[in-house]
Amino acid sequence: MTVEKFFREEGYIGGEWLSSSKKIAVTNPANDKTIGHVPDFGREEARAAITAAAKAFPSWRATTADERGKLCRAFYEALMDNQDALGELLTMEQGKPLTEAKGEIAYGAAFFKWFSEEAVRIYGDVIPSPWADKRIVVTKEPVGVVCSITPWNFPNAMIARKAAAALAAGCPIICKPASQTPYSALALGVIADEIGLPKGVFSVITGEAAPIGEEFCDNPSVAKITFTGSTGVGKKLAARAMGNMKRVSMELGGNAPLIIFDDADLDRAVEGAIACKFRNAGQTCVCANRILVQAGIYDAFAEKFAKRVAAMKVGDGMEAGVEQGPMIEEKALEKVEEHISDAVSKGAKVALGGERHKLGGTFFEPTVLTGVTPEMVIAKDETFGPVAPLFKFDSEEDAVRMANDTEFGLASYVYTNDLGRAWRVMEALEYGMVAINEGILSTPVAPFGGVKDSGVGREGSKYGLEDYLNIKYGLFGGL
Ligand code: ADP
């Protein structure tokens, strides 16, 4: 299948492809060329999508779990059958290397597969009654119309992990993708249409975030808002949605520590740190933002790590062998530069990189900083770029204290060969996710999510499905 089949420049609302006179231009970050234009919809179209979803809800919730499971499975098959074309489309608008883009399609598809299998396992409960003539049952029901707002760093998977769970639970969903990367979302509309999801059950609305978000939060027909993005926007959305007593799931920013103890396997830690830090050019909320290395292994790690990072190929994600693509936009580069210059002004050393890449545009050199300390901005603020800051610590206690010294609590990583230490540190870290001796932890079968300012709710796994279900208590009396 070709990319053209999935390249749509209209929104998919209530089962119809709709255009608008106002448009948003979408550019390829690798060459700054305009790829095309998508509709710049607003509140009115958001309202229309919600009305269509609300209309579709009664018959969608009435389908059997088996029917919903089969449709989720069909979604999975369609994504995998078109993995190459969808991967190319994703690289074109997002910039990540093609192998990573195809990997994202497979990762997104895996959520549809997982939830196709979970749809038939939405069990209720029978509670032993305290009354001889009464019985108590608990059933689970879909929450209702779900509205999702997603970022540009995973244009397919961030939608897939919300939509697959919503659909399996029996909820219609409306997706508002980031304006930098709408095409991968619209491609999901093409698939929804093709596999025969009922009209209104899956919509994609492109356009201005604030008015669409406001309609999502205010419209009484909406039951739930699910958001992935920055903590600032997440807090605003959550406050507004909760003001109307809607359910919320918030996957927000992180400030992930990657802790390497003296007793770690050095090569494994180097590979893990590379995968964790430089995936998607450092633009993921679970990328290591702070690499904490114990004093005894610090110099050896820094040397090996910098050597390996120096070998990374930077370029257009469509070129073979490229490991790091461009950053999404100029603003992202400026943040990276600010973090580096602040760190250097406070005593950090640039061990590698540190500059805009000679390719120009939004390419940045893979960067390693040594001698980084907690007073620097980079220690507090998510860099979201290809900069690896190396901090030094002495004891296990120090490592845990430094790691927890942040308002965020999403992903964390620990390298050690001491089992007792691994367990102690896992318990002590105030994070929603802890990976021991691994640099990548996302999978549809495990609960993804954070604590503290990193948000509420979980995605993926049996726990992720609960976020789309209401519990109903039924009492049967007069037996
Ligand atoms: P990022 O740094 O990933 O761009 P944002 O939180 O700005 O994080 O964006 C994530 C998503 O939230 C995007 O789809 C964006 O369009 C949307 N967004 C941004 N501002 C608002 C807002 N005020 N209300 C609703 N959605 C918003």
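Me: Ala, Val, Leu, Ile, Met, Phe, Trp, Tyr, Cys and Pro count as nonpolar, Asp, Glu, Lys and Arg as charged, and the others, Gly among them, as polar. What is the shell around the ligand, by class?

Reply: The shell has seven nonpolar, five polar and one charged residues. This is a predicted model, in which local features need pLDDT of at least 70 and side-chain atom pairs count only at pLDDT 80 or more, while totals for chains, interfaces and linings use all residues. Residues are numbered from 1 along each chain as its sequence is written.

Me: What makes a residue part of that shell, and which are closest?

Reply: The C-beta atom, placed from the backbone, must lie within 6 Å of the molecule. Around the ligand there are 13 residues, the closest being P151, A209, G213, G229 and S230. Helices α8 (209–218) and α9 (231–243) are the elements that give two or more residues to the shell; a helix here is a DSSP run of H or I with at least four residues, a strand a run of E with at least two, numbered from the N terminus.

Me: What makes α10 oblique to α11?

Reply: The axes of α10 (residues 266–278) and α11 (residues 295–310) cross at roughly 50° and come within 10 Å. That angle makes the pair oblique, because under 35 degrees is roughly parallel, over 145 roughly antiparallel, 65 to 115 roughly perpendicular and the rest oblique. Axes are lines fitted to C-alpha atoms, for helices over the stretch in contact, with angles from 0 to 180 degrees between N-to-C directions.

Me: Why are β14 and β18 called edge strands?

Reply: Strands pair if DSSP finds at least two bridges between them. The open, mixed sheet has seven strands in the order β14-β15-β16-β13-β12-β17-β18. β14 (349–352) and β18 (433–436) each have a single partner strand, so one side of each lacks a neighbour in the sheet. From one strand to the next, the twist averages 25°.

Me: What makes β12 and β13 a pair?

Reply: Five bridges join β12 (residues 256–260) to β13 (residues 288–294), and the two run parallel. Within this pair, L258 stands opposite I291 of β13.
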